[in-house]
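Please look through the structure shown here with the explanation that follows.

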Amino acid sequence: MASGKYKVIRIKFQVLDGKLVFSFFQVLYLLDLVKMLTFGENQKILFELKKRYFIRLSYKGTNYHGWQIQPNASSVQEELNKALSTILNQPINVVGCGRTDTGVHASDFMAHFEVDENCRFDCGKLIFKLNRFLPHDIAIREVFRVKADAHTRFDAISRTYHYKITKHKNPFRMESHWKNQHELNVSKMNEAAKILFEYIDFTSFSKLHTDVKTNNCRISKAEWTETDDELVFTIKADRFLRNMVRAIVGTLVEVGRGKMDLAGFREVIESKNRSNAGSSVPGHGLFLAKIEYPDGLRIEDE
C-alpha cells in the first residue's frame, strides 16, 4: 500500500455467542470500503468491540433546559453522560428517545449508550451507583443490554404524554401543573380531541422550521379526564412533532372556553398553518409518560 497518511475508519460491532454481529448498514459500509481498497485508497480500518444498553429513567425537568445538551445550560443528557462516564471509567455519550423542552418532565424516558466489549458491570449495581451519583431530580429505573442496532428513538413504536392543569392555586403543583382558572367545557374539549383521529398531518401544531421530513403522525388516544381540581390530557401516537402536544392542548383549551367551535378546530388542522392554532401552553405541565418498543430488542448480558 502506498505510503502517506491513512484515513482512519472505526467500525463498531458486537460479539454475541462468539460471533461477530453487524447491522445491515454496517455490511453495506464494509462493502464500500472493499471497493475503496481495491482502487488503492489508503484506509486503516479499526474494529471497535461495543455493547449497547438501554437505560430507563425519570426526571423532573424544572431545573433543566430540556433533555439535550446545550451550551451554557444544564441538561439531563449532560448529567447522565457525566455520571456514566465517571462510574464506568470511559467516555459515554447517551442517545435519548427524543427531546423534551425546558421545564418538561418525564416519568418514563429511554436512552441508550455503548461501552467497550471488555467492560463488565452488574446492571443492578450500576443503577444503585447512578442514583447515588445523580441529582435528586433524576432517577434511574432500569438498565438492560440490547441488540447492536437497537435505537431508543427510531425503534419506539408509540409515545404517551400527559398534560396537567390545576384549577386552583396549589403550591405543591406550581412546577408540575399549569394553573388555569377559566371555566372549561371538558365535554366539548373531548369532542374536539376525537377529531384528531381523523387526520395524520399535524403541521398546524408543529413548531416552525424543524428538520423533520414529514409532519404525519398517527394518534391512537386523545382524551381529557377531570377530578375536582385537576384536568389531565392524555395523548398517544406513533410519533410527535416539536411542540405538538402543547399546541394541541392550547387549541383545545380555546374550545373549552368557547372561543373556538368544533368546526373551527377542524379548520385549524386542515389549514396546516401554525398561526391558526392556539397558543402553546407552558412546558412545566407536560410529562412524557410512556414509551413503547417492539419485542425482541433485549438480550441477555454475558
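Asn72 is exposed: its relative accessible area is 86%, and a residue counts as exposed when that value is over 50%. The model is a predicted one.

Asn243 lies in the loop between β10 (230–237) and α5 (244–256). Phi of Asn243 is near 70 degrees, again a positive value in a residue other than glycine. Is Asn243 buried or exposed? Asn243 has a relative accessible area of 17%, and the cut-off for buried is under 20%, so Asn243 counts as buried.

Helix α2 (residues 76–88) packs with helix α3 (residues 123–133) at an angle of about 125 degrees, and their axes are 10 Å apart. Because of that angle, α2 is oblique to α3. The crossing of the two helices, α2 and α3, is right-handed.

Which residues make the contact? From α2 come Lys82, Ala83, Leu84, Thr86, Ile87 and Leu88. From α3 come Leu126, Lys129, Leu130 and Phe133. Sorted by class, the contact of α2 with α3 has 7 nonpolar residues, 1 polar residue and 2 charged residues.

Note on methods. Residues are numbered from 1 along each chain as its sequence is written. This is a predicted model: local features need pLDDT of at least 70, side-chain atom pairs count only at pLDDT 80 or more; totals for chains, interfaces and linings use all residues. Side-chain values use heavy atoms; hydrogens and water are left out. Axes are lines fitted to C-alpha atoms, for helices over the stretch in contact, and angles run from 0 to 180 degrees between N-to-C directions. Helices (H or I, at least four residues) and strands (E, at least two) are DSSP runs, numbered from the N terminus. Angles under 35 degrees count as roughly parallel, over 145 as roughly antiparallel, 65 to 115 as roughly perpendicular and the rest as oblique. A crossing is left-handed if the near helix is turned anticlockwise from the far one by less than a right angle, and right-handed if clockwise. Contact means heavy atoms within 4.5 Å. Ala, Val, Leu, Ile, Met, Phe, Trp, Tyr, Cys and Pro count as nonpolar, Asp, Glu, Lys and Arg as charged, and the others, Gly among them, as polar. Buried means under 20% relative accessible area, exposed over 50%, partly exposed in between (1.4 Å probe, protein chains only).
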